[in-house]
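Hello,

Here is the structure I promised to hand over. Please have a look at it first, and then read on for what turned up in it.

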Amino acid sequence: MDNDEERLSLQLDLARRLVEQLEAGDRAGADESIRQLRLPYERELFEELGKLTRDLHEALNSFRGDSRLIELTRDEIPDAKERLNYVVSMTEQATHRTLNALDESMPIAESLHDRSATLHEQWSRFRNRELSVDEFRELARELDDFLTQSGQETERLKSLMSEILMAQDYQDLTGQIIRRVIRLVHEVEENLVGLIRLSSARMELPKVAKASPDETEASEIRGHGPIVPNTQDAGADVVSGQDDVDALLSSLGF
Amino acid sequence: MKILIVDDFSTMRRIIKNLLRELGFSNTSEADDGSTALPMLKSGGFDFLITDWNMPNMEGIALLKAVRADPMLKSLPVLMVTAEAKRDQIVEAAQAGVNGYIVKPFTAETLKEKIDKIFERLDAQG
């Protein structure tokens, strides 16, 4: 209170002096009085500005320390791009595998169909007693061939069908990879929200999502999904296929 | 022979189901992760378990451990069919008592071979 009153009377004195100086035409004296009147407000402004600068500095420092954003941008995004490229090539391979099997199956099915249609026609003529002895011999030979070949060809068709069946495993394998990328996108989103919160006027310290300690600890044992070449997976100690798995298990006494 | 197939991808469950039918096992059921599989197993009647590893909620390795810890289920044969390829993980599964481990992508022959091997070994143990 005292301080305020003191300040008020000081300002009043200064104001009176300013009026006198202006009336007397004393420009230099008036400028000096105006500067003195402004002084307390300037100090407040500078103090506020200094505090804001300090807050910003601290917030930026803590963000830099906590944030995974840099790591995400530098390592994980290029990694995710590689994973998605791998998904594209896996789906392409699976589609070719399926189409190749179909390309081979269709002519087999067509030829089976055509030959059985011809034989059926001949058979009908035989039943109607329209065939000569020579024609019947011919039919018997053709039937013999057909029965032998159709056995082999349907066997081949069955194996092409199971090729098509197995080609569909790409949906599981690429699905696991895509889910992993979705988790990464989610993490980037959370970090960006943290960044926006930091740059907002409220100057709250960003709450950046960090991998929880038990999550990193158990990560060796947790499911990862398929190993993708040219990614961070390359550093992991992984098996190269079923033979490798069998060798490892047999070394463990399996 | 009743077999439970556990995988979060319905496409993979269908593939395994088809392969098993080819091998003469047509009595199969499906579950989409460990937490749905475990109650099914506990309600009884299953002779064989085929499970993926990487699944939401309850992973295959946790399901395997839960099966081995359950007095009723502890001797149930378990075959893992998974894309998980880290050596540490395979060792972990072996220590948890898995009966066979197949890495994806796999072939029909591999599945047949591993199932045959599991039964051979079980028969040998009596």
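A word on terms before anything else: helices (H or I, at least four residues) and strands (E, at least two) are DSSP runs, numbered from the N terminus. Residues are numbered from 1 along each chain as its sequence is written, while chains are lettered from A and ligands numbered from 1 in the order in which they are written. Please keep in mind that this is a predicted model, in which local features need pLDDT of at least 70 and side-chain atom pairs count only at pLDDT 80 or more, whereas totals for chains, interfaces and linings use all residues.

Let me start with chain A. Chain A has seven helices and zero strands, so its pattern along the sequence reads α-α-α-α-α-α-α. Of its 254 residues, 13% count as buried. Here a residue is buried if 20 or more other C-beta atoms lie within 10 Å of its own, exposed if 12 or fewer, and partly exposed in between, with C-beta atoms placed from the backbone. Two residues are in contact if their C-beta atoms, placed in that way, lie within 7 Å. Among contacts in chain A between residues at least 6 apart in sequence, 69% join residues at least 24 apart.

Ile70(A) sits in helix H3 (residues 69-127) and is exposed, because 11 other C-beta atoms lie within 10 Å. Ile70(A) and Asn191(A) are 121 residues apart in sequence, and their C-alpha atoms are 9.9 Å apart in space. Asn230(A) lies in the loop between helix H6 (213-217) and H7 of chain A. The phi of Asn230(A) is near 60°, a positive value in a residue other than glycine. Asn230(A) counts as exposed, because it has 12 C-beta neighbours inside 10 Å.

Next, where the chains meet. 29 residues of chain A are in contact with 29 residues of chain B. Helices H4 (133-167), H5 (170-199) and H7 (242-251) of chain A each supply at least two residues of the side that touches chain B, and the largest share, five residues, comes from H5(A). By class, this side of chain A has 14 nonpolar, 10 polar and five charged residues. Ala, Val, Leu, Ile, Met, Phe, Trp, Tyr, Cys and Pro count as nonpolar, Asp, Glu, Lys and Arg as charged, and the others, Gly among them, as polar.

Now for chain B. An unreviewed UniProt entry places the feature "modified residue: 4-aspartylphosphate" at Asp52(B); such annotations may be inferred rather than shown by experiment, and UniProt positions are given in the numbering used here, with feature names shortened. Asp52(B) is in the loop between strand S3 (48-51) and helix H3 (60-69) of chain B. Is Asp52(B) buried or exposed? Asp52(B) is buried, because 28 other C-beta atoms lie within 10 Å. Leaving aside neighbours within four places in sequence, the contacts of Asp52(B) include Asp7(B), Asp8(B) and Thr82(B).

Asn57(B) is also in the loop between S3 and H3 of chain B. Asn57(B) has a phi near 60°, a positive value in a residue other than glycine, and is exposed, with 11 other C-beta atoms within 10 Å. Finally, a cis peptide bond, with omega about -5°, joins Lys104(B) and Pro105(B). Pro105(B) lies in the loop between strand S5 (100-103) and helix H5 (108-125) of chain B.

Best wishes
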